[in-house]
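Here is a structure to read through in questions and answers.

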Amino acid sequence: MLDGTLGEPLVEVRDLMLHFPIYSGLLRRKTGAIKAVDGISFDLIEGETLGLVGESGCGKSSAGRAILRLYDITSGSIRLKGQEIGTLPQSQLRKLRPQMQMVFQDPQASLNPRMTVAQTIQEPLDEHTRLSRSEKREKVLTLMDAVGLNRRFAGRYPHAFSGGQRQRIGIARALALNPKFIVCDEPIAALDVSIQAQVVNLLEDLQEKFGLTYLFISHDLSMVRHIATRVAVMYLGRIVELAPADRLYAEPLHPYTRALLSAVPEPDPAAMSDKKRVILQGDVPSPANPPKGCNFSTRCPQVMGVCRSHDPKSREVAPGRHVACHLLDPAMMPAGSTAATEATGIEPSRPGPGTIEPQQGRRP
Amino acid sequence: MPDGGLPVLDVRGLRTMFRSRSGTVHAVNAVSFDLKAGELLGVVGESGSGKSVTMMSLLGLLPSPPAVVSGGPVTFEGHNLLTADEATMRKVRGGRIGFVFQDPMTSLNPVFSVGFQIMEPLRKHMGLGRRAARARAKELLDLVGIPDAARRLGDYPHQFSGGMRQRVMIAIALACDPKVLIADEPTTALDVTIQAQIIELMKDLQQKLGMAVIWITHDLGVIAGIADRVIVMYGGQIVEHAPVRELFANPRHPYTRALLTTVPSGAHARARRLTVIEGQPPILTESPDFCAFKDRCPVVFEICARMNPGRYPIGNGHDVACFRADPGLNPDLIPGGAHA
């Protein structure tokens, strides 16, 4: 999974798993696990924005938190600038915390209502630096300028601010320690459309100014298209497709990505009526009991026999494009056809040689 | 699409205020619109624009105090809903006018089975017996695409997924063959693939049952895909109204234009910075004798602070509440010149 041409990886994630145990019965024995994140691998290149998209319950937020070690991971490896942080104890992680920060979804819930703006932004400085009181004060005011908050509001409490302004406070707090890497967990989901654009522009400006690297978690595919350099699509704890943003949106390869993109409503009536939509049937299976074989096999419009028995591995099918799907595996395809072109058509692919038969009939 | 059809619902000059100790909020100001038989009317606006309050007001669903609903008439099947007695309103609500709310988890009662909740309007409004109601409930669940309907009648809301719960809500709203269905952000709480399922279902049902639908949303993309006509609301007023293609091809109100450009769309994504509407949506603590958008408008001029613009018809069934559309104002005086 090395994207060599793109630059140095700042964060490297390999086979990351995060399973939440399920306890049941009288003795509270462990009887199963919610496989929230089930073996994901990717790199974050310095200065880029990696969009992590998927529907609710696909594990994108859990992945974001696990990468910052807000959860103890089940297995796998996370490296920050080459240093393994997946297994570090919290006491040592604390020293690394200034480099990696988080912006949360709900600015209402992630700000302490009893702390003023200045106190909120200053708290990381109190914890991690030895600045003098006046230096801290100066830093807080500079941060407020940077995120577009009026300095006069420093003494106010979160309730006095609107949603968009509260999100600015959260961003200022995340920036306080000059981090390299910020996980933005649905930073605009709770905001009105016209305010979303303000916050996204701010995040882009700050990235340019401070050279930040973002992991931008969102379910809003059109906003991710705007902000992200590369996009990873998650489904049921796995990354099904990872590609440069423009390529992914222009030509999605995984059947799930295709369905997801075709489901996004476009603000253009003409386009909407011409649009060939792939409407998925049914719901996402439970991550406590994922299907055998490919996780998407229960809803895939192009499912084949092999999908129900064998889990597809993520493969690089074109430079920088990683897809986990049997349809793109040359071993499954008829001789002479290239995988990528074969799988881009909407029609189900022809059967491969040997025993594999396509199973159709999931569409109404 | 069904232009010239008779209006099934006609709202004239509806006003809603909320009185509280900290002042009065003018949530809905002189809203007028009609809904024709069999059409889908989209209502777009941000939170606080008054779109939900408008619908709650005309159904008499707001507690008074603090709400004060005035204006009207709101004509539906020969009744003025604002003055109708409670018995009539009971027949209308959930009977002749169905309602689908945003969040299916909070609008279904967790302690009753889904079957009970679908059968309730059938027995109350249609006077069906237990067995007939049960049969009809099963039919309804089949209609909204819930597999294994007969068995699932006994299940409770928590046993359904979000999309399935919304299907149950739709089944309840459809139970009494409503003439009008009001869907208030019915897909906002759902994922995009599930949203696509629900939109398909609603389109399909609308064709099958021939009812008129009011679809409230903040998502212009959803509106583009389903609506016949669109109303854009801002600050408790209708600022623009047009057939859907006309609105997206030729938006005339500065707010609508701004709203369309803040959404990154497929064609010109990543091209440049997103356009931003500076400032915050208004909270109307005074009666708006001015244009509610004046503080955020890029082309504001002097009269906008003194008068509230009426809705100027500009052809093609399109009208816009903006002085820029006033034929009496010289277009040369307008900053930015004529609309291009």
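**Reading chain A**

Reader: How many helices and strands does chain A have?
Author: This is a predicted model. The secondary structure of chain A holds both kinds of element: 11 helices and 12 strands.

Reader: What share of the residues in chain A is buried?
Author: Chain A has 364 residues. A residue is buried if 20 or more other C-beta atoms lie within 10 Å of its own. In chain A, that share is 46%.

Reader: Which strands are the edge strands of the open sheet in chain A?
Author: The sheet has 8 strands, in the order β6-β7-β8-β3-β9-β10-β12-β11, with mixed pairing. An edge strand pairs on one side only. In chain A the edge strands are β6 (100–103) and β11 (315–318).

Reader: Which residue of β12(A) stands opposite R315(A)?
Author: Strands of a sheet pair through backbone hydrogen bonds, either parallel or antiparallel. Here β11(A) and β12(A) run antiparallel, joined by 3 bridges. Opposite R315(A) stands V323(A).

Reader: Which strands does helix α5 of chain A touch?
Author: Helix α5 covers residues 163–175 of chain A and packs on the sheet. The direction of α5 makes about 175 degrees with that of β6(A). The strands touched are β6 and β7 of chain A.

Reader: Which element gives the most to the side of chain A that touches chain B?
Author: The contact takes 32 residues from chain A and 37 residues from chain B. Elements that give two or more residues on the chain A side are α6, α7, α9 and α10. With 6 residues, the one that gives the most is α6(A).

Methods. Residues numbered from 1 in each chain as written. Chains lettered and ligands numbered in written order. Predicted model: local features only at pLDDT ≥ 70, side-chain atom pairs only at ≥ 80, totals over all residues. Contact = placed C-beta atoms within 7 Å. Helix = DSSP H or I, 4+ residues; strand = E, 2+ residues; numbered from the N terminus. Buried ≥ 20, exposed ≤ 12 C-beta atoms within 10 Å, placed from the backbone. Pairing = 2+ DSSP bridges. Axes fitted to C-alpha atoms, helices over the stretch in contact; angles between N-to-C directions.
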